[in-house]
Amino acid sequence: MTTAGEIYDYIDLFAPFDTAMDFDNVGLLVGAREISSEKVLVSLDVTSATILEALEKGAKIIVSHHPIIFSPLKNLLSDSIPFLAAAAGVTVISAHTNLDIAVGGVNDTLARAAGVSFTEGTDSSCCLYGTFEKEYNSSEELCGKLCEALSCKGIRFTSRKGRIKSVCVACGAGGSSIFSAAKRGTDALITGEIKHHELLFAKEKNIAVFDVGHYCSENLIVRELIKKLSEKFPSCCFISSETGGDGTDYYVNTERNKNGT
């Protein structure tokens with residue numbers, strides 16, 4: 001069996017918890033270091049369904065990307081996710097922005113999937129800068145590549161006048177990286193969430209934006225974590241959660257898009 005403490009200490013080596021952003025909450029958030037398990041569930045999020053899945057699969061430990069506790073708790077009600085985990089005896093370790101910026105972490109994984117062949121180190125905005133392996137003639141062409149690589153149901157994007165070669169990659173809610181991307185003269189931004197005023201800024205600066213969705217921008221890290229943890233702890237079974245998803249559906253108004261209005 002592998003303990004939560006051993007898993008925590010190993011994650012701390014390649015994605016140090018003390019490198020997380022100031023606003024973040026990471027680490028062992030529910031349970032105890034001494035808890036051991038033959039199975040560990042790895043998930044992007046922790047929901048009530050995730051906890052039930054862990055119990056059904058015999059996993060006493062969950063490793064998640066998004067923190068099970070993010071903001072300070074003012075109460076602990078019986079239907080809250082932290083309460084459900086504690087009541088079920090499930091220990092939860094969450095690695096969030098520390099994993100975003102780690103070498104081989106979420107941003108690196110997103111960049112690699114997007115076909116970015118060269119990247120520069122992270123900055124305070126939790127993003128990477130690089131160049132695509134090939135030059136794209138249009139935003140639509142790159143949308144096709146990203147949909148396939150990230151298993152997206154759809155992508156919200158802006159067009160750019162000119163080809164696309166340089167890119168800023170900012171997983172999750174990384175839309176604010178558009179401002180640093182503009183200062184560097186970057187052709188495109190790939191992110192999981194971007195605000196309206198940030199999109200307008202991108203249009204003014206002729207930067208192509210690809211909002212692939214928070215879930216699709218980060219979910220690939222689950223597979224990478226399982227691979228890494230399995231190699232370190234071969235006697236433990238690390239399982240990818242089957243309860244995840246972005247929880248959204250897409251309706252496309254084809255007539256409106258066709259008319260350009």
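**Figure 1. Bridge partners L28 and I93 in the predicted model.** The bridge partner of L28 is I93, which belongs to β6. Strands β2 and β6 (residues 91-94) run antiparallel and are joined by 3 bridges. Two strands are taken to pair if DSSP finds at least two bridges between them. Strands (E, at least two residues) and helices (H or I, at least four) are DSSP runs, numbered from the N terminus. The model is predicted: local features need pLDDT of at least 70, side-chain atom pairs count only at pLDDT 80 or more, and totals for chains, interfaces and linings use all residues. Residues are numbered from 1 along each chain as its sequence is written, and side-chain values use heavy atoms, with hydrogens and water left out.

**Figure 2. The open sheet of 5 strands.** Its strand order is β2-β6-β5-β4-β13, and the pairing is mixed. The edges are formed by β2 (27-30) and β13 (237-240), each of which pairs on one side only. On average, neighbouring strands of this sheet are turned by 30 degrees against each other, direction ignored. Axes are lines fitted to C-alpha atoms, for helices over the stretch in contact, and angles run from 0 to 180 degrees between N-to-C directions. Helix α1 (residues 4-14) lies across β2, β4 (39-43), β5 (61-64), β6 and β13. Relative to β6, helix α1 runs at about 0 degrees. Contact means heavy atoms within 4.5 Å.

**Figure 3. The salt bridge between R33 and D9.** The closest N and O atoms of R33 and D9 are 2.8 Å apart. This pair links distant parts of the chain, with R33 in the loop between β2 and β3 (36-37) and D9 in helix α1, 24 residues apart. A salt bridge is a side-chain nitrogen of Lys or Arg within 4 Å of a carboxyl oxygen of Asp or Glu. The structure holds 9 salt bridges. R33 counts as partly exposed because its relative accessibility is 38%; D9, at 36%, also counts as partly exposed. Buried means under 20% relative accessible area, exposed over 50%, and partly exposed in between (1.4 Å probe, protein chains only).

**Figure 4. Salt bridges of D246 with K153 and of E141 with K134.** In the D246 and K153 pair, the closest N and O atoms are 3.7 Å apart. D246 lies in the loop between β13 and α11 (254-259), and K153 in the loop between α6 (139-150) and β9 (156-157), so this pair links distant parts of the chain, 93 residues apart. K153 is exposed, with a relative accessible area of 52%, whereas D246 is partly exposed at 29%. The side chains of E141 and K134 meet at 2.9 Å, N to O. E141 has a relative accessible area of 29% and is partly exposed; K134 is partly exposed at 41%.

**Figure 5. The salt-bridge network of E53, K57 and E242.** These residues, E53, K57 and E242, are linked to one another in a network of salt bridges.

Figure 6. Strand β11 (residues 188-191) runs parallel to β12 and is joined to β12 by 4 bridges. I190 stands opposite F210. From β11 the chain crosses through helix α8 (residues 196-204) to β12 in a right-handed β-α-β crossover. Right-handed means that, with the strands pointing away from the viewer, the path from the first strand over the helix to the second runs clockwise. β9 pairs with β12 in the antiparallel sense over 2 bridges, and F157 stands opposite F210.
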